[in-house]
Amino acid sequence: DGDEEACALGIALGMEKPSLDIVRLILAANPETRSVADRKSNFPLHMAVRAPFLDASPEQRLEVVSLVYSAHTPAIHEKNFRGETPLDIAIRSPFSCDEIIDFLQQKGAPEESIHMEDPPLV
């Protein structure tokens, strides 16, 4: 477990350069990790939408988010301990991109963004 008691998938997504290959490997080796929230009730999808993905293109970022979403689609509606859905986090994260926000909206993410007035997540 990581600092936030995250599962292996959450830890991988929290790295400076999350790797799509590592995400795939973890999901293949331990499929249950897709639905494990950390101690702040962040599911892997919450973590994927705010992952730094340094030097990654928007398409590469979206590929990771899409893979994590596909592994556990109900997470799109889950709220963390602050009441944030993955869409709320994607809208506020400086590491997200329009492609991720559009993807989440197309997949039916709740439209009520509760923390729009808060400063960006870092």
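## A negative patch

Helix 6, which covers residues 98-106, is the biggest giver to a negative surface patch, supplying three residues. Keep in mind that this is a predicted model. The patch itself is made up of Glu 59, Asp 98, Glu 99 and Asp 102. Asp 102 sits in helix 6, and its relative accessibility of 40% makes it partly exposed.

## One aromatic pair

Helix 6 also has a part in the aromatic story. The count comes to one aromatic pair. Its partners are Tyr 69 and Phe 103: the ring centres are 5.5 Å apart and the planes stand at 90 degrees, so this is an edge-to-face pair. Since Tyr 69 belongs to helix 4 (residues 58-71) and Phe 103 to helix 6, the pair ties together parts 34 residues apart in sequence. Both Tyr 69 and Phe 103 are buried.

## Salt bridges

Across the whole structure, four salt bridges turn up. One of them joins Asp 21 to Arg 24, at 3.8 Å from N to O. These two are three residues apart in helix 2 (residues 20-29), which puts about one helical turn between them. Asp 21 is exposed at 55% relative accessible area, while Arg 24 is partly exposed at 41%. A salt-bridge network links Asp 21, Arg 24 and Glu 63.

Glu 84 is worth a look too. Its salt bridge with Arg 82 has the closest N and O atoms 3.6 Å apart, and in its salt bridge with Arg 92 they are 2.6 Å apart. Glu 84 is buried, with 3% relative accessible area, and Arg 92 is buried as well, with 8%. Arg 82, at 35%, is partly exposed.

Note on methods: Residues are numbered from 1 along each chain as its sequence is written. This is a predicted model: local features need pLDDT of at least 70, side-chain atom pairs count only at pLDDT 80 or more; totals for chains, interfaces and linings use all residues. Side-chain values use heavy atoms; hydrogens and water are left out. Patches are made of residues with over 30% relative accessible area and no salt bridge: like charges are joined within 9 Å, nonpolar side chains (Val, Leu, Ile, Met, Phe, Trp, Tyr) within 5 Å. Accessible areas come from the Shrake-Rupley method with a 1.4 Å probe; for residues, only the protein chains shown count as cover. A salt bridge is a side-chain nitrogen of Lys or Arg within 4 Å of a carboxyl oxygen of Asp or Glu. Lys and Arg count as positive and Asp and Glu as negative; His and the chain ends are not counted. The place of a charge is taken as NZ of Lys, CZ of Arg, CG of Asp or CD of Glu. Helices (H or I, at least four residues) and strands (E, at least two) are DSSP runs, numbered from the N terminus. Buried means under 20% relative accessible area, exposed over 50%, partly exposed in between (1.4 Å probe, protein chains only). Rings of Phe, Tyr and Trp (its six-membered ring) pair if their centres lie within 6.5 Å; planes under 30 degrees apart count as stacked, over 60 as edge-to-face and the rest as tilted.
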